[in-house]
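Q: Hi! I'm new to this one, could you walk me through it?
A: Happy to, let's have a look together.

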Amino acid sequence: MASRGEVWFDDAAGPLVRPYALTRGRTQDDRYGLDLVTLVVSVQPAVHERIVEPEYADVLWVCEHPLSVAEVAAKIDLPLCVVKVMLADLIERNYVIYRTGWQPVRNTPDMDTMQKVLDGIRKL
Amino acid sequence: MVSASSNPSSPVAGPAIDAIAVKVLISGGFGVGKTTLVSAVSEIVPLRTEELITELSNGVDDVSGIEDKSTTTVAMDFGRITINPELVLYLFGTPGQDRFWFMWDELARGALGAIVLVDTRRLDACFAAIDYFEQRQLPFVVGVNCFDGDQLYDVDEIRAALDIDSFVPVILCDARERDSTKELLVKLMEHVMATSRLADSVPAQQARSSAAT
Ligand SMILES: Nc1nc2c(ncn2[C@@H]2O[C@H](COP(=O)(O)OP(=O)(O)OP(=O)(O)O)[C@@H](O)[C@H]2O)c(=O)[nH]1
Ligand SMILES: [Mg+2]
């Protein structure tokens, strides 16, 4: 079994070394309950890109316009868990704002929203 | 408030930051047409995102065979339909390898419902997905992907073979066709809403206790 230290420098983990260093090994983040479809958008990326690490700057530019967390992860090609930590760091510093999508308050979702989804699909 | 209107150069205007984002899952066995289905209706080329299976997953029985490999990744692809700037629908394909249950949990959390694609030549490949959604009480419809007219069974035979409840829609489809895929999504949303109404008519107490199991 590889020790934690070895993992970061594993061949397979090569490209991940840098993001892991950035997130200081954090792979889970519950600060904001970010979900796959939580929408995020950066605030003044041109200003903030200069005061963050380059990988964080990439995140800022990717979500220059509102995007889901899943899209941010796909576009910067890093694992979802790493991207969530990076986004949470940026949210904490107010460089990114987020909006959680529909939340299952009860076991049954909101009818009005579902009707709109249905109408929208029919119109495609 | 920042909104997509500040991005006139974008080919497809994305959602506003205060939009409601919902998702449905596209599930089924390996190679059954999940990505094809997503491509048929998505306004963006399906994107692929990866999740790491790290030492954090060691407690999960289903990945017990791979604990010696510390950084396995599991991929899922997804597409987007911006219904309007205030409402966006994401379609997530579940990973082909159904042993990655912890990933399914993240995918299923908050999902409206699921489409389970089946290939009648390999019906058993979708059993795991059906079991999962039944257990989670996530509404689903079955799409029978008709590979080159290889349609050996009718809908009733397939329903019987899958052993699913009679109210679960089973629809013949072609995942490559946009209209066919649209119809599947329409049927799914109608089913989701019907299921939801049914749950509403059950006394709240009962609904809560069944949801908790
Ligand atoms: N003839 C026919 N071929 C199809 C249909 N749907 C998908 N295919 C083909 O089947 C193959 C697999 O489709 P995918 O969409 O990649 O399947 P998938 O479920 O995403 O596969 P995995 O992600 O690997 O599990 C592709 O070559 C598709 O072109 C269909 O309705 N008819
Ligand atoms: Mg696929």
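**A strand and its partners**

A: In β3(A), A:Tyr98 is the bridge partner of A:Val40. This is a predicted model, where local features need pLDDT of at least 70, side-chain atom pairs count only at pLDDT 80 or more, and totals for chains, interfaces and linings use all residues. Residues are numbered from 1 along each chain as its sequence is written, chains are lettered from A and ligands numbered from 1 in the order written, and side-chain values use heavy atoms, leaving out hydrogens and water.

Q: How many bridges link β1(A) and β3(A)?
A: Four: β1(A) and β3(A), residues 96-99 of chain A, pair in the antiparallel sense. Two strands pair if DSSP finds at least two bridges between them, and strands (E, at least two residues) and helices (H or I, at least four) are DSSP runs numbered from the N terminus.

Q: And what about β2(A), how does that pair with β1(A)?
A: Also in the antiparallel sense, over two bridges; β2(A) covers residues 67-68. There, A:Leu39 stands opposite A:Ser68.

Q: Why two sides?
A: In a regular strand, side chains alternate between the two faces of the sheet.

Q: New topic: where does A:Asp89 sit?
A: A:Asp89 is in helix α6 of chain A, residues 80-92. A:Asp89 counts as buried because its relative accessibility is 13%.

Q: Which residues is A:Asp89 in contact with?
A: Leaving aside neighbours within four places in sequence, A:Arg26, A:Arg31 and A:Tyr56 (contact means heavy atoms within 4.5 Å). The side chains of A:Asp89 and A:Arg26 make a polar contact at 2.9 Å. A polar contact is a pair of N or O atoms within 3.5 Å; within protein, one must be able to donate a hydrogen and the other to accept it, and residues adjacent in sequence count only if both atoms are side-chain atoms.

Q: Now ligand 1, what kinds of residues form its shell?
A: Five nonpolar, five polar and four charged. Nonpolar means Ala, Val, Leu, Ile, Met, Phe, Trp, Tyr, Cys and Pro, charged means Asp, Glu, Lys and Arg, and the others, Gly among them, are polar.

Q: How far is B:Asn145 from ligand 1?
A: One of its polar side-chain atoms lies 2.6 Å from an oxygen atom of ligand 1.

Terms used: Buried means under 20% relative accessible area, exposed over 50%, partly exposed in between (1.4 Å probe, protein chains only).
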